[in-house]
Amino acid sequence: MIRYSSYLMPTTKETPSDAEVTSHRLMLRAGMIRKVASGIYNYLPAGLRVLRKVERILREEMDRAGALEVLFPCVIPSELWRESGRWDAYGKELLRFKDRADREFCLGPTHEEVVTDLVRREIRSYRQMPVNLYQIQDKFRDEIRPRFGLMRGREFFMKDAYSFDADESGAAESYRRMYEAYCRIFRRMGLSFRAVEADTGAIGGSSSHEFMVIADSGEDAIVSCEACDYAANVEKAEVPPPAFSEASGGGASEPRKVSTPGKRTIEEVAGFLGIDPGALIKTLVFESDKGDVAVLVSGRYEVNEVKVKNLLAADWIRLAPEERVRFLTGAPSGFAGPVGLSMKILADHSVKGIAAGATGANEKDAHLVDVVPGRDFAPEAYADLRLVAEGDSCPRCGAPLRFSRGIEVGHVFRLGTKYSKALSATYLDAAGKEQPVVMGCYGIGVGRTAAAAVEQHNDADGIVWPISIAPFEVTVVPVNMKHEGLVREAVRAAEELSGRGIEVLLDDRDERPGIKFKDADLCGIPIRVTFGEKNLAAGFAEIRDRKTGVTERVEISRIPDAVAAAVEAKKRECSP
RNA sequence: CGGGACGUAGCGCAGCCUGGUAGCGCACUUGCCUUGGGAGCAAGGGGUCGCCGGUUCAAGUCCGGCCGUCCCGACCA
């Protein structure tokens, strides 16, 4: 049992001005976190209790799935990262520094190299696999833009697990076990989530799923099929090529140059020429480590940079700056077009169907009309390069797609042999032949998951924690600390509940009842037991449900049993 | 890194345009009073006005630079 009077849970009535998102605001107001620097936080006692609860669930489910807990260092020597090639590929998110002897290190943003280094030393036989190692540890990523409190911090706790198998089928089984463990984890936290197909990004590997907590404030957009079980991050969502064949361009005359002074955007050009945006061929110029490329897409759609990057097999890609566009196309941005353009050109399938299109003339204030793909220009390739859009249908079954937003709380990857080959992590198979181990990796952001839970579970009065991750299960509130009888009964009840293993916060502060009620609501403690003078005189106290607001008047002698039953009922709501 | 905004007491803000001895609310301390939804009265404590420089008799206020923070875009658990 914890007494509020000697606890540190500094609640505030007003919202700090730099918190905009619900979870950030409420966790600050509830006295759970305080900012130290951008994306770097102190966890106060109640906030830490929440994180520990999340971690406990993670441990239980990882252990249950057969994974073994380990702990790797935060500080990692550069050699390991050079071996995998990521010292150069990972970019500025990797915080690098040197020790006194001028040796280079980084703060680990993820631990594939470290775990693979361990495994290559210790695992030599197929008999030693499968094995799955996990840790819950402090990570550092020097994010470009930390934001939303614990949602995107630079320093954060992550559960990361790594599986090692002798072959692909074993790896597939390890992946499946983790996928199922993740579903149990998020169900136990009372979260509404969806697993979606995702891009593998800087981690690499053959395929991956993100676990998205559904929330309007989520940073990611996802699509899901209304009929089948297809779901994907929009940056991954496939857009199948349209059914029609390449337009013949029959009837269209030669391309004609028209003056379009100052018309740069698709809307401006389409409006000015009086044509549908779908008849425009949008031309975007990108730079990458694999060279410059012009990407064409129908004016109705947006280019998906991830798809371009993957098609190029590039480490990085970005929209070319104005001067570069001018140099490559001879015109300011807004007037680029594929006709006569001497650089690598890739086109989205949506360009193929444009019979007589309009596009930039590579000349200031001019566009070309009656442009026919194939006749007037020839892209190096047609591919799926655009972002999925409203109105697109499911790439698997053709049914309508639904768009929603989500918070990425977990990500599972099938890594294959990317790291084991780079770091020579091999074993001897039954035939005595040396083989690379087949890997998978699996991450969950601890603080982000807690923040996501707040995003999904709150109301006008504050947080409504699912009981499985609430800082306390029950708060006992004597409304008047000057009333000895009240205090005595409240303390007795709190001690009895505590003795039964229930996590109790006794609000023994000498505050007025309103303050105690407001704080209990703000901090989201699922069950409140109130001892008031009138009820006490009649031998009663009250049990209130934070979520529903339903209040039950119960004889004091029956309080422990009734509260224990209410706690059990809430726990059942968080069953896997 | 590009675009936008902000920085004055622990928190939320006013004051700046039009330069002249720093204010309000909450919180905090003490006393009285009060005790079922952030009470009331009284008396207090607390600020290098983000930092550096410039203009001026005089700078929180005007000018320049820097730093920090937040929001929108490119990264990710």
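**Notes on the strand pairings, cores and RNA surface**

1. Let's start with a bridge: Ala 294 has Ile 345 as its partner in E18. This is a predicted model, by the way. The pairing belongs to a parallel arrangement in which strand E16 (residues 293-298) is joined to strand E18 (residues 345-348) by three bridges.

2. E18 has another neighbour to look at. Strand E21 (residues 381-383) pairs with E18, again in the parallel sense, and three bridges are involved. On that side, Asp 348 sits opposite Ala 383 of E21.

3. Now the cores. The largest nonpolar core has 114 residues, and the members touching the most others are Ala 450, Val 474 and Val 529.

4. On to the RNA. There are 56 residues around RNA strand B, and those coming nearest are Ser 17, Ala 202, Gly 445, Gly 514 and Gly 532. Sorted by class, this surface has 24 charged, 16 polar and 16 nonpolar residues.

5. Which element gives the largest share of the surface near RNA strand B? That's H14, with eight residues. Elements that each supply at least two residues include strand E9 (155-165), strand E22 (401-416), strand E25 (438-445), helix H12 (446-456) and helix H15 (533-537).

Key:
Residues are numbered from 1 along each chain as its sequence is written. Chains are lettered from A and ligands numbered from 1 in the order in which they are written. This is a predicted model: local features need pLDDT of at least 70, side-chain atom pairs count only at pLDDT 80 or more; totals for chains, interfaces and linings use all residues. A nonpolar core is a set of buried Ala, Val, Leu, Ile, Met, Phe, Trp, Tyr and Cys residues joined through C-beta atoms within 7 Å. A residue is buried if 20 or more other C-beta atoms lie within 10 Å of its own, exposed if 12 or fewer, and partly exposed in between; C-beta atoms are placed from the backbone. A residue is near a molecule or strand if its C-beta atom, placed from the backbone, lies within 6 Å of it. Helices (H or I, at least four residues) and strands (E, at least two) are DSSP runs, numbered from the N terminus. Ala, Val, Leu, Ile, Met, Phe, Trp, Tyr, Cys and Pro count as nonpolar, Asp, Glu, Lys and Arg as charged, and the others, Gly among them, as polar. Two strands pair if DSSP finds at least two bridges between them.
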